[in-house]
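Take a look at the model below before reading on.

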Amino acid sequence: MTSTHAGQMQDGDWLVGNPSGLQLASALWIGSVGLLILGLQPVLLGALYTEGHVTGDELALVATAEMIAIAIGSGVVAMALPARNMRWKSTILLVLLAAANWWTAYAATPNALIGARTLAGFAEGGLVAVATELIARSRRAERIGGYFVTVQTLAQCALALILALYVVPAAGSSGGFLALGVVCILSLAVAWIVPDDYADLPKEEHLANLLTPGSITALLSIFCYFMFFGAIWAFLEPLGAQFGIDGRTVGLIVSASLAAQVVGAMTATAFEARIDYRLAITAIGAVALVCSLVLAGGPGLTIFWTAALAMGFILLFIVPYQIRLAITADETRTAVLLVPAAQLFGLAIGPIAASLLIDGKDFRPVPEFAAASAAVSVALLGLFILLARRRRAIA
């Protein structure tokens, strides 16, 4: 009997394997530790910028290097390495990430910061794969994905608030990165609850499905949507400063936006089965476009708050629908394993691409670039729908 058949007989909720609720929760937490930096970048990288450790261009390079490394790390672990000895892998990755955070805290040059965050990114990507590999094995991948983004964002929200109000004002950016290292060390206890071996998905024989026009278009749509958010998120503090909003207030806005992300993730988890993914992605893309244009128009504090909260809500609200988009494109679920990589590459390329448009200390081109990215994401969804219809007509 194959592992696939065994998994189906053991539990109807899983394509293969049969993890307990506690094991699932532990894997989601390990993956969430790998993505903590996503919610903390405006606070920690903003502090590095304010303290004079990096320029605006160097800030973009630091953010981009880490996001690309996370994307590569998650893709390599999910696609190239067997899902075996996951407890030891989680432990090694957590220790490596703690060391990279310590290195960041004491890095003296921009090049050292880029090296430290690149190392951190590879470890973080591996931790993300611990969660996404298990999510891909669920028959309810969209819902489990919603749980995943809820857990990670709750952790980001709480930690961003603590760092912005207490740690960074008292100990600077170095104190913030040391705090991240402490979280990694404390999470070692959770690493030994993760299922040690995941049952195999039959992905080896279906890699060709990843190279179809539908799969590529779906992943590109996801990539462009996260380019929109990555561009604005990385430059939120200098963008706010240009409009007269101080760094402490931006830190509070970041924390509130993370809370809105939690609400968005929970709402999507509750309603994902009731809303068609095409309608959801289109509507969210329209909101993203409007928010970007509002930020480009030099808003006051209240409008800035409103746009940031709206962007926070839609960021994770869209994730279950993007998972459904990937499953629709490739029913073997190989494309689903690359959804985090597409998201993270978008978050990585967004800041560096937007930084090429910045003129001196004028950061308005950043939200303008974000608006274009959101529009392209929706256009690619339209192309995907046309390709899907043509495929059905031929079949």
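The sections below take these topics one by one.

## The nonpolar core

This is a predicted model. Its largest nonpolar core has 130 residues. Within that core, Tyr 225 and Phe 228 have the most contacts. Helix α7 spans residues 141-186. This helix gives the most to the core, with 15 residues.

Look at Phe 228 in the viewer. Leaving out residues up to four places away in sequence, Phe 228 touches Ala 288, Ser 292, Met 311, Ile 314, Ala 370, Ser 373 and Ala 374. There is also a second, separate core, made of five residues. Val 77, Ala 78, Ala 136 and Leu 337 are among them.

## A buried charged network

Now turn to Arg 117. Arg 117 sits in helix α6, which covers residues 110-136. Is Arg 117 buried or exposed? Its relative accessible area is 1%. The cut-off for buried is under 20%, so Arg 117 is buried.

What does Arg 117 touch, not counting residues up to four places away in sequence? The list is Ile 37, Val 62, Glu 66, Ala 100, Asn 101, Thr 104, Glu 124 and Phe 177. One of these, Glu 124, forms a salt bridge with Arg 117. Their closest N and O atoms are 3.6 Å apart. Glu 124 is buried too, at 2% relative accessibility. A network of salt bridges links Glu 66, Arg 117 and Glu 124.

How many salt bridges does the structure hold? The count is five. One of them joins Asp 276 and Arg 278. Here the closest N and O atoms are 2.9 Å apart. Asp 276 is partly exposed, with a relative accessible area of 34%. Arg 278 is also partly exposed, at 32%.

Another salt bridge brings together the side chains of Arg 364 and Asp 362. The N to O distance is 3.9 Å. Arg 364 has a relative accessible area of 31%, which means that it is partly exposed. Asp 362 is partly exposed as well, at 29%.

## The largest cavity

Next comes empty space. Rolling a probe the size of a water molecule over the atoms shows where such space is left. The model has three cavities of 30 Å³ or more. The largest cavity holds about 380 Å³ of space. Its lining counts 29 residues. Closest to its centre are Leu 35, Leu 38, Val 149, Gln 152 and Gln 343.

Which element gives the largest share of the lining of the largest cavity? That is α7, with six residues. By class, the lining of the largest cavity has 19 nonpolar and ten polar residues. It has no charged residues.

## The largest pocket

The largest pocket has a volume of about 240 Å³. It is lined by 16 residues. Nearest its centre lie Ala 47, Val 168, Glu 237, Gly 247 and Arg 248. Helices α3 (36-50), α7 and α11 (247-271) each supply at least two residues of the lining.

What classes of residue make up the lining of the largest pocket? Nine are nonpolar, four are polar and three are charged.

## Two single residues

Asn 85 lies in the loop between α4 (56-79) and α5 (86-106). Its relative accessible area is 44%, so Asn 85 is partly exposed.

Ser 221 belongs to helix α9. Its relative accessibility is 3%, so Ser 221 counts as buried. Setting aside neighbours within four places in sequence, Ser 221 is in contact with Ser 377, Leu 380 and Leu 381. Ser 221 and Ala 60 are 161 residues apart along the chain. Their C-alpha atoms are separated by 22 Å.

Methods:
Residues are numbered from 1 along each chain as its sequence is written. This is a predicted model: local features need pLDDT of at least 70, side-chain atom pairs count only at pLDDT 80 or more; totals for chains, interfaces and linings use all residues. Side-chain values use heavy atoms; hydrogens and water are left out. A nonpolar core is a set of buried Ala, Val, Leu, Ile, Met, Phe, Trp, Tyr and Cys residues joined through side-chain atoms within 4.5 Å. Buried means under 20% relative accessible area, exposed over 50%, partly exposed in between (1.4 Å probe, protein chains only). Helices (H or I, at least four residues) and strands (E, at least two) are DSSP runs, numbered from the N terminus. Contact means heavy atoms within 4.5 Å. A salt bridge is a side-chain nitrogen of Lys or Arg within 4 Å of a carboxyl oxygen of Asp or Glu. On a 1 Å grid over the protein atoms alone, a cavity is a set of points where a 1.4 Å probe fits but cannot get out, and a pocket is an open set with protein on both sides within 12 Å along at least five of seven lines; lining residues have an atom within 4 Å of a point. Grid points are joined across faces, edges and corners, and a volume is the space filled by probe spheres set on the points. Ala, Val, Leu, Ile, Met, Phe, Trp, Tyr, Cys and Pro count as nonpolar, Asp, Glu, Lys and Arg as charged, and the others, Gly among them, as polar.
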